[in-house]
Amino acid sequence: MRETVRTLAYGSWPSPIDAALAATHDGHPEYVGFVGDEPWWTEPRPTEGGRRTLVRRRNEEVGREAPPWKGGGGRRAGGREESVLPAPWNVRSRVVEYGGRPWAGAVVDGRPLVVFVHFADQRLYRYEEGGEPVPLTPVSAVGGGLRWVEPQLRLGRGEVWCVLEEFTGEGPTDVRRVLAAVPLDGSAAENRDAVRELTDDRRRFVTGARISPDGRRAAWLAWDHPRMPWDGTELLVADVGTDGTLGVPRTAAGGPQESIAQVDWSADGRLLYASDRSGWWNLYRDGEPLCPREEEFGGPLWKPGLRWFAPLAGGLVAVVHGRGSTALGVLDPETGEIVDAAGPWTEFEPTLAVHGEQVVAVGASPRSAHEVIELDICTGRARVIGAEHDDAVDPAYYPEPQIRTFTGPAGHEIHAHIYPPHNPGCVAPADKPPPFVVWAHGGPTGRAPLVLDLAIAYFTSRGIGIAEVNYGGSTGYGRAYRNRLREQWGVVDVEDCAAVALALADEGSADRDRLAIRGGSAGGWTAAASLTTTDVYACGTILYPILDLAGWGDGETHDLESQYLETLVGPLAEVPGRYAERSPAAHADRLTAPFLLLQGLDDVICPPTQCERFLARMEGRRVPHAYIAFEGEGHGFRRAETMIRVLESELSLYAQVFGLNPPGIPTLELTK
């Protein structure tokens with residue numbers, strides 16, 4: 001029996017969702033694939049130093065009955081999950097620093113053979129069941145070394161084809177990328193010359209090649225600075241020679257103003273790709289639209305190997321699609337009709353794998369974390385086969401989000417997810433609305449998905465509301481919405497976040513005097529810019545941020561984003577003053593609100609020097625703040641102990657500024 005509802009002030013509600021629980025449930029499965037008929041994927045281990053392991057679902061045992069919300073009352077798939085690689089193996093690539101698909105596998109002589117990238121040394125390894133991983137690629141002492149992503153087994157040639165990222169100097173932009181073939185026999189483990197390069201390095205960025213069903217053609221994507229892949233990419237096609245070489249590539253689609261997000265081949269050898277030439281990432285087959293809709297069948301290609309669609313052997317195509325939120329469906333290219341999988345999942349990640357008539361994906365909802373889902377297109381049944389969501393606490397403590405659309409200062413739409421305070425055992429006095437924290441997502445070319453996040457529940461269950469704002473520039477709403485941020489970063493994102501916060505206050509949903517802003521990476525920039533250019537927020541939390549545009553755009557970041565600001569802010573050579581005008585570091589004298597600054601010391605994307613420069617300019621200003629730097633953490637925190645301290649410190653900041661009294665939270669020391 002649930003206890004009597006108590007009346008307590010916002011921010012003082014007792015909650016079973018503590019920081020340790022939220023930390024251990026951080027992250028989600030990625031990069032699904034099949035090894036034979038077994039689904040495999042990568043999965044995070046926050047309590048094991050933040051590593052990622054390979055997991056397989058063995059096709060054994062008799063299935064047990066699934067609850068109705070796990071696939072419409074059908075039986076769960078038989079089998080068991082098994083972690084393939086013990087610590088310290090960490091299956092994660094560092095190509096373009098964000099990584100990408102780090103593994104591939106097949107069944108050879110009745111046993112799994114897998115190749116994967118190990119994070120610590122970035123070497124490609126071969127693993128066979130019952131043995132130890134064996135290196136396939138050498139180590140380079142130059143700059144960031146040799147890195148690999150999107151491996152694809154070419155067993156007939158005894159090779160694995162990959163994207164190779166090779167540093168040629170010590171600078172972050174001293175790098176070349178090519179398609180390359182690595183021998184599976186280990187002959188390249190100590191010999192760089194044994195790696196066979198398939199393309200030249202005239203293109204700055206490339207994705208892995210997709211080989212046509214007859215093995216005679218290869219297709220991949222490429223682009224160059226200053227474009228980002230959502231600005232414009234080219235789809236390249238080349239013949240594959242009988243000797244395993246690639247012919248001269250030709251451009252089949254794309255260009256500076258057309259973004260191709262993914263390419264593949266249909267079972268009958270026709271070219272499939274997702275292009276935004278219509279203003280939306282839609283699917284095309286040999287240049288003809290398959291299902292023209294004002295919704296997305298693609299997204300921002302932050303990592304090589306993301307997949308929004310996967311062709312099936314019978315001609316159908318599995319798709320992740322939607323406007324804002326995403327669904328898993330099966331597209332009939334001949335009719336343009338899509339049948340979506342039934343089930344509770346409202347968001348699907350851009351990772352798909354197919355085997356026969358089976359589709360494997362990763363889905364989540366506001367009531368369940370990310371799970372590995374299998375869809376049988378013959379029966380239409382979807383079921384959980386891995387990383388099954390388990391309610392660690394009573395789900396009555398989960399937030400109850402609202403999908404909202406607000407009106408911005410120029411009359412444009414702003415999409416947001418609103419999470420009001422929610423706790424089944426507590427209500428607040430009616431005389432005062434709750435405090436609210438605006439969350440600005442990273443990217444900034446990205447989107448906040450509507451899924452269960454225990455970090456959000458950590459706050460809402462204590463009486464603090466959260467507003468996730470998909471500000472102008474976010475993906476999922478078409479190219480025009482995305483382009484609102486062009487040359488307006490630090491303006492549109494700041495205005496949209498403020499508009500949502502003030503609208504909540506005006507309607508009585510939030511306390512105008514107890515608003516905060518929080519964000520990481522590009523969201524950290526938005527949070528810092530909001531604190532230095534508006535008076536909307538009483539405090540803010542800034543995680544691994546960009547704070548100084550001039551420094552970040554002049555060699556302080558990695559190659560992928562080294563010219564990102566050319567479109568986000570404007571060409572540096574033409575508008576240098578704009579870089580200083582918008583940088584929070586240049587306006588530290590305007591910041592009067594208390595803040596918490598959190599940074600990983602191993603971050604090469606938003607390096608610690610950005611924070612250090614900002615703090616130096618804050619010296620003597622007597623603004624209450626705290627700076628916590630974490631050894632061993634990079635861009636985005638992965639270790640459980642780090643995330644625990646982050647959440648507890650953030651809550652303590654809000655408690656001190658908003659006058660809250662959360663029980664059992666260590667006090668964050670604020671310095672002046």
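**Hairpins, covered strands and ring contacts**

User: Which residue takes a positive phi in the hairpin of β6 and β7, and how many residues lie between the strands?

Analyst: In that hairpin, which has two residues between the strands, aspartate 109 takes a positive phi near 55°. The model is a predicted one, in which local features need pLDDT of at least 70 and side-chain atom pairs count only at pLDDT 80 or more, while totals for chains, interfaces and linings use all residues. Residues are numbered from 1 along each chain as its sequence is written, and side-chain values use heavy atoms, with hydrogens and water left out.

User: What joins β7 to β8, and in which sense do the strands run?

Analyst: Five bridges pair β7 with strand β8 (residues 124-128) in the antiparallel sense, and valine 117 has leucine 124 in β8 as its bridge partner. The hairpin of β7 and β8 has six residues between the strands, and there glutamine 122 takes a positive phi near 65°.

User: What makes β7 a mostly covered strand?

Analyst: A residue counts as buried under 20% relative accessible area, as exposed over 50%, and as partly exposed in between (1.4 Å probe, protein chains only). In β7 (residues 111-117), six of the seven residues are buried, which makes the strand mostly covered.

User: Why is β28 called largely enclosed?

Analyst: Eight of the eight residues of β28 (residues 358-365) are buried, so the rest of the structure largely encloses the strand. Both of its faces are covered, with Gln358, Val360, Val362 and Ala364 buried on one side and Val359, Ala361, Gly363 and Ser365 buried on the other.

User: How many bridges link β28 to β27 and to β29?

Analyst: Six bridges pair β27 (residues 347-355) with β28 in the antiparallel sense, and in β28 valine 360 is the bridge partner of alanine 353. In the hairpin of β27 and β28, with two residues between the strands, glycine 356 takes a positive phi near 60°. Seven bridges join β28 to β29 (residues 368-376), again antiparallel, and valine 362 stands opposite valine 372 in β29. The hairpin from β28 to β29 runs through two residues.

User: Why does glycine 33 count as buried?

Analyst: Its relative accessibility is 4%, so glycine 33 counts as buried. Glycine 33 lies in strand β2 (residues 30-35). With contact taken as heavy atoms within 4.5 Å, glycine 33 touches Glu38, Pro39, Trp40, Arg101, Trp103 and Ala353, not counting residues up to four places away in sequence.

User: Which residues of helix α9 are buried, and why are they said to line one face?

Analyst: In α9 (residues 608-618) the buried residues are Pro608, Gln610, Cys611, Phe614, Leu615 and Met618. Seen down the helix axis they fall within an arc of 155°, so they line one face; the arc is that of the directions from the axis to the C-beta atoms. What covers them includes α6 (549-552), β38 (595-600) and β39 (625-630). Just after α9, glycine 620 takes a positive phi of about 85°.

User: What makes a charge sit over a ring, and where is this found?

Analyst: The rule asks that NZ of Lys or CZ of Arg be within 6 Å of the ring centre and within 35 degrees of the ring normal. Arginine 154 lies over the face of tryptophan 161, at 4.8 Å from the ring centre, and the charged end of arginine 482 sits over the ring of tryptophan 281, at 4.2 Å from its centre.

User: How is the confidence of the model expressed, and where is it below 50?

Analyst: The confidence is given as pLDDT, the predictor's confidence in each residue from 0 to 100. Its mean over the chain is 94, and 97% of the residues reach 70 or more. Over residues 61-76, however, the pLDDT is below 50, and beyond near neighbours in sequence this stretch has 38 contacts in the model.

How values were computed. Helices (H or I, at least four residues) and strands (E, at least two) are DSSP runs, numbered from the N terminus. Two strands pair if DSSP finds at least two bridges between them.
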